[in-house]
Amino acid sequence: MVWLDEYERRARLVPGLLAIFPVAILLSVLSLRQLPTVSYAMGAVVLIGTPVAVADIVRQKGRKAEKTLWASWGGPPTTAWLRLREPSDNEVQRDLWRKAVAEVSRVELLSLRAERANPLRADQAIATAIGQVRDRTRDNEKFKLLFNENRNYGFARNLYGVRWIGRGISLGGVLVVGAYMAWLSLGRHQDGITAENLFGVAVCFAFFIYWCLWPSPGRVREAANKYAQQLLQSAVTLKGDAVATVSDPNA
């Protein structure tokens, strides 16, 4: 935990822990955690840096899912919202964002005619400008709302990215505990239907339902839109700060 910052813990580690949580349930139900070897192994895994490895794997899965989602959306929300060749719900707001992004980033955005003539270059200009704005909003205290929306988007994206891992582990937990109960009842003639075993099945099944229903492209897009809006508004804030500084050099 101490090796990860606030963003990494929320956006990357938490989705990973949710995905592998049924493993802890299995160890408890099967009474494996009582074995010294398992206890030592679990402690070593935590100390050696598994949280960092989990966060990195989750990040990779999330970025891979992001590329697929962006392709289906027609690009990142910030790019789509700043394009002139596409209709806008609020052209006044779009023009305000474009002016702010261009001034803050010092990257010239293409005109409507130039966009239509070279859409790829237009998108590249927008992406480059947005990258410059993002670099100028790294102050988490000054841009606290932006940081929160970025973290929320990262969590939603990464949760969606590891959904199949979560489904597989939780469904596997249901099957393993079910098989364990059957083995106790039929193989060892013991009462396999105990409160602990039923609890294990219920928790694993609940996680399986969660992974099937909660992570979705719609939730990721909603979070992405909120982050994009806050990022563009931050460009407006930076532009305003620059104007205020020029107007009052002694401020």
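**A buried charged pair and its surroundings**

Modeller: Arg83 and Asp123 are both buried (under 20% relative accessible area; exposed is over 50%, partly exposed in between; 1.4 Å probe, protein chains only). The model is predicted, with local features needing pLDDT of at least 70 and side-chain atom pairs 80 or more, while totals for chains, interfaces and linings use all residues. Residues are numbered from 1 along each chain as its sequence is written, and side-chain values use heavy atoms, without hydrogens and water.

The side chains of Arg83 and Asp123 form a salt bridge of 2.9 Å, N to O (Lys or Arg side-chain nitrogen within 4 Å of an Asp or Glu carboxyl oxygen). This pair connects distant parts of the chain: Arg83 lies in the loop between α4 (77-82) and α5, and Asp123 lies 40 residues away in helix α7 (helices are DSSP runs of H or I, at least four residues, numbered from the N terminus). Through shared partners, salt bridges unite Arg83 and Asp123 with Arg85, Glu86, Arg98 and Glu115 in one network. In total, the model has 13 salt bridges.

Another of these joins Glu6 and Arg151 at 2.7 Å, N to O. Here Glu6 belongs to helix α1 (residues 6-29) and Arg151 to helix α8, 145 residues apart. Glu6 is partly exposed, at 37% relative accessible area, whereas Arg151 is buried at 16%.

Arg63 and Glu66 also form a salt bridge, with their closest N and O atoms 3.3 Å apart. Both residues lie in helix α3, separated by three residues, about one turn of the helix. Arg63 is partly exposed at 37%, while Glu66 is buried at 5%.

Notes
Helices (H or I, at least four residues) and strands (E, at least two) are DSSP runs, numbered from the N terminus.
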